[in-house]
Amino acid sequence: MYIIVGLGNPGREYVNTRHNIGFQVLEKLAEQEGISVLEKKHKAVIGRGIVAGQKCILARPLTFMNLSGESVREMVDYYKADETSELIIVSDDISLDVGQIRIRKKGSAGGHNGLKSIIAHLGHDSFIRIKMGVGGKPEGWDLADYVLGHVSLKEREVLDEAAGQAADAIRMILTQGADAAMNRYNTVKHKNTEKTTAKPNPEAGTGEKTAARPNPEAGTGEKTAAKPNPEAGTKEKNTAEKIFAECPGDRDAGKG
């Protein structure tokens with residue numbers, strides 16, 4: 001039996017947030033397969049059904065992100081699943097472009113608190129995970145606000161399409177194995193979406209930039225792009241570890 005777990009935070013306030021893309025993928029798969037995910041058990045909401053000819057448990061943990069491992073450990077023990085091959089975890093990933101999918105059979109948590117909790121409770125990192133790209137934090141945004149923030153309408157359209165692709169990837173894992181799914185989906189680059197508008201910096205004045213002088217050799221009237229600020233890049237260069245480490249889940253009820 002396979003256990004397919006979508007990670008996220010329970011509650012209406014977290015619907016359509018970047019951190020809840022795991023829930024979205026699970027709901028997409030359940031809808032396509034006609035599986036009702038309503039039963040509360042194992043610190044999660046679960047559903048039982050057949051996916052691609054395989055018996056599966058579909059689950060959304062109710063523990064909040066930081067404690068996801070408690071629910072996963074309980075399900076693995078109860079259903080006696082082989083956690084290295086019969087457990088599939090779906091989570092968000094800020095290091096990937098919006099809508100990009102990456103499948104791994106093992107690896108570190110990469111700063112993701114849900115994966116970190118699962119690794120801690122299983123005692124190893126050898127389990128299949130599907131990472132869903134939600135894009136990196138724009139300049140001027142608080143890290144936690146971005147991770148737990150709601151996606152734009154454009155991002156929602158892209159992520160909904162990506163959720164369908166992730167559901168297809170799950171079916172391929174069940175029928176052909178993780179390696180086949182990795183070869184198929186890890187090479188696919190999704191269309192880029194418009195980046196979330198950065199919040200204005202109150203110290204930057206009006207935020208208007210002085211126009212660069214036109215290039216006399218170009219003759220087109222186009223302006224030469226202003227030189228980048230060498231100091232600005234240091235704020236952008238946040239790793240996934242830092243972003244998820246500063247998520248409110250570490251400070252408030254395990255929500256991150």
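Buried, in this talk, means under 20% relative accessible area. Keep that cut-off in mind for the rings. The model is a predicted one.

Aromatic pairs first. How many does a search of the whole structure find? Three. I'll take two of them.

Start with tyrosine 14 and phenylalanine 64. Their rings pair edge-to-face. The centres are 6.4 Å apart, and the planes make an angle of 80°. Where do the two residues lie? Tyrosine 14 is in the loop between β1 (2-6) and α1 (21-33). Phenylalanine 64 is in the loop between β4 (54-61) and α2 (68-79). So the pair ties together parts that are 50 residues apart in sequence. Now accessibility. Tyrosine 14 has 8% relative accessibility, so it counts as buried. Phenylalanine 64 has a relative accessible area of 22%, so it is partly exposed.

Next, tryptophan 141 and tyrosine 146. This aromatic pair is edge-to-face as well. Centre to centre, it spans 6.2 Å, with 85° between the planes. Buried or exposed, tyrosine 146? Its relative accessibility is 2%, under the 20% cut-off, so tyrosine 146 is buried. Tryptophan 141, at 18%, also counts as buried.

Now charges over rings. Which residue lies over the face of phenylalanine 23? That is arginine 60, at 5.5 Å from the ring centre. Then there is arginine 184. Its charged end sits over the ring of tyrosine 185, 4.7 Å from the centre.

To recap the pairs: tyrosine 14 with phenylalanine 64, and tryptophan 141 with tyrosine 146. For the charges: arginine 60 over phenylalanine 23, and arginine 184 over tyrosine 185.

Note on methods. Residues are numbered from 1 along each chain as its sequence is written. This is a predicted model: local features need pLDDT of at least 70, side-chain atom pairs count only at pLDDT 80 or more; totals for chains, interfaces and linings use all residues. Side-chain values use heavy atoms; hydrogens and water are left out. Rings of Phe, Tyr and Trp (its six-membered ring) pair if their centres lie within 6.5 Å; planes under 30 degrees apart count as stacked, over 60 as edge-to-face and the rest as tilted. Helices (H or I, at least four residues) and strands (E, at least two) are DSSP runs, numbered from the N terminus. Buried means under 20% relative accessible area, exposed over 50%, partly exposed in between (1.4 Å probe, protein chains only). A charge sits over a ring if NZ of Lys or CZ of Arg is within 6 Å of the ring centre and within 35 degrees of the ring normal.
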